[in-house]
Amino acid sequence: MSHPHALAERWRAARPPVAGLHLDSAACSRQSLAALDAAARHALHESEVGGYVAAEAAGAVLDAGRAAVAKLCGLTDAEVVYTTGSLNALDVLLGSWPRDRRKLACLPGEYGPNLAVMEAHGFEVRQLPALDDGRLAIDDAAFELEDNPPDLVHLTPVASHRGIVQPLSMMAELCRELGVPLVVDAAQALGQIDCAVGADVTYSSSRKWMAGPRGVGVLVIRPELMQRLTPRAPLGFGEANVAARVGFSVAVGEHLACGPELIRARLAELGAIARRLLADVDGWAVVEEAEEPSAITTLAPTDGVDPQGVRDWLFAERRILTTYGGVQRAPMEMTGPVLRISPHVDTSTEDLETFAEALIEATAATAQT
């Protein structure tokens, strides 16, 4: 299976029929029947034999999920901890960080809720140098980090508010050379771009490009760094939705079986098709370059169009699911709200053409109200 059409058919056939047009995978992808069934079977097993016995029986499946995620992050010997999501993973990590080493560097486009967690844990945050489009200025960053190294670099390789792909592998190499721990927020990156760079920490969620259930995340930590952390409680300890973790493990397995390289190539191709189709729609500017290697297309209003109103109209009138992005997603960088689409590999060119036509309709309809 190497043709995009074959990948799309396989992805589509593995899932329930979609009610409408789903262009919102950067928020929450569609789970497969196998992932749904695995979670349901585990819940049934809990009822039959008890939750703790069922969890023990699911140990091999959960371990396989951990190993698969570690492989995708380029850390085969990593400590992999299940969490409830990306933000929970960051909260657990920063709460365990040495109290006398809390100086952090991140991009101006850092995710707003991440910044709130950093502040809550008393981290001093400084901005890494960036170009006008928000991309890391790697040479300038190298000088700054060498001259005044922080206690960690926090990099979000693909942000929530735009589909620009940051130079993750170059930053990982730079941080290794300088001996600065690199923490990667791969919520949007895992499954969309190559994350196998061996960062000191990578964390992500289940529900986006990996197409697992909601309420699950992972925290992947290099063993040497793990020894320096002082968590309030043992990592991974506490109440958990084990059924959802089982579903996530199955979803990661399906991702590997489909071929991560094929998936990444198809997602980048769909992003390029979408940006070309949307380049001339009145009232909107496409934020990303056409060939940006991600599936996310961000549309910024140019003539006073209301992205929230357009998002709502598209869903109510055409059953097309998109994302409204307010400035709280990246408060240090965004100047106004945006509309985002994020197709997965089962999306067709015809689907994107349908969206382009609907966007023209939605823009006109909301301008009149």
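User: In which helix is the place of aspartate 139?
Analyst: In this predicted model, aspartate 139 can be located by the run of residues 138–147, within which it has its place. That run is the element numbered helix 7.

User: Does aspartate 139 count as buried or exposed, and which residues form the negative surface patch?
Analyst: Residues with over 50% relative accessible area count as exposed. Aspartate 139 has 56% relative accessibility, and therefore it counts as exposed. The negative surface patch is formed by Asp139, Asp140, Glu144, Glu146 and Asp147.

User: Which feature does UniProt place at Lys208, and does lysine 208 count as buried or exposed?
Analyst: An unreviewed UniProt entry places at Lys208 the feature "modified residue: N6-(pyridoxal phosphate)lysine". In the model, lysine 208 has its place in the loop between strand 7 (201–205) and strand 8 (217–221). Because its relative accessibility is 10%, lysine 208 counts as buried.

User: What is the phi of alanine 211, a residue other than glycine?
Analyst: Alanine 211 is found in the loop between strand 7 and strand 8, and with 0% relative accessibility it counts as buried. Its phi has a positive value in a residue other than glycine, and that value is near 60°.

User: Does glutamate 333, the salt-bridge partner of arginine 162, count as buried or partly exposed?
Analyst: The salt bridge between arginine 162 and glutamate 333 has its closest N and O atoms 2.8 Å apart. Arginine 162 lies in the loop between strand 5 (152–155) and helix 8 (168–178) and glutamate 333 in the loop between strand 12 (323–325) and strand 13, so the pair ties together parts that are 171 residues apart in sequence. Arginine 162 counts as buried at 17% relative accessibility. Because its relative accessible area is 21%, glutamate 333 is partly exposed.

User: What is the N to O distance in the salt bridge of arginine 222 and aspartate 200?
Analyst: Aspartate 200 is buried, with a relative accessible area of 18%. The side chains of arginine 222 and aspartate 200 meet in a salt bridge, and the N to O distance is 3.6 Å.

User: How far apart in space are glutamate 317 and cysteine 195, C-alpha to C-alpha?
Analyst: Glutamate 317 has its place in helix 12 (residues 307–318) and counts as partly exposed at 47% relative accessibility. Glutamate 317 and cysteine 195 are 122 residues apart in sequence, and in space their C-alpha to C-alpha distance is 38 Å.

User: Which residues does UniProt list for "domain: Aminotransferase class V", and how far apart do the end C-alpha atoms of that span lie?
Analyst: The unreviewed UniProt entry lists residues 23–314 for this domain. The span is 43% helix and 13% strand, and its end C-alpha atoms lie apart by 11 Å.

Technical notes: Residues are numbered from 1 along each chain as its sequence is written. This is a predicted model: local features need pLDDT of at least 70, side-chain atom pairs count only at pLDDT 80 or more; totals for chains, interfaces and linings use all residues. Side-chain values use heavy atoms; hydrogens and water are left out. Patches are made of residues with over 30% relative accessible area and no salt bridge: like charges are joined within 9 Å, nonpolar side chains (Val, Leu, Ile, Met, Phe, Trp, Tyr) within 5 Å. Accessible areas come from the Shrake-Rupley method with a 1.4 Å probe; for residues, only the protein chains shown count as cover. A salt bridge is a side-chain nitrogen of Lys or Arg within 4 Å of a carboxyl oxygen of Asp or Glu. Lys and Arg count as positive and Asp and Glu as negative; His and the chain ends are not counted. The place of a charge is taken as NZ of Lys, CZ of Arg, CG of Asp or CD of Glu. Helices (H or I, at least four residues) and strands (E, at least two) are DSSP runs, numbered from the N terminus. Buried means under 20% relative accessible area, exposed over 50%, partly exposed in between (1.4 Å probe, protein chains only). UniProt positions are given in the numbering used here, feature names are shortened, and annotations may be inferred rather than shown by experiment.
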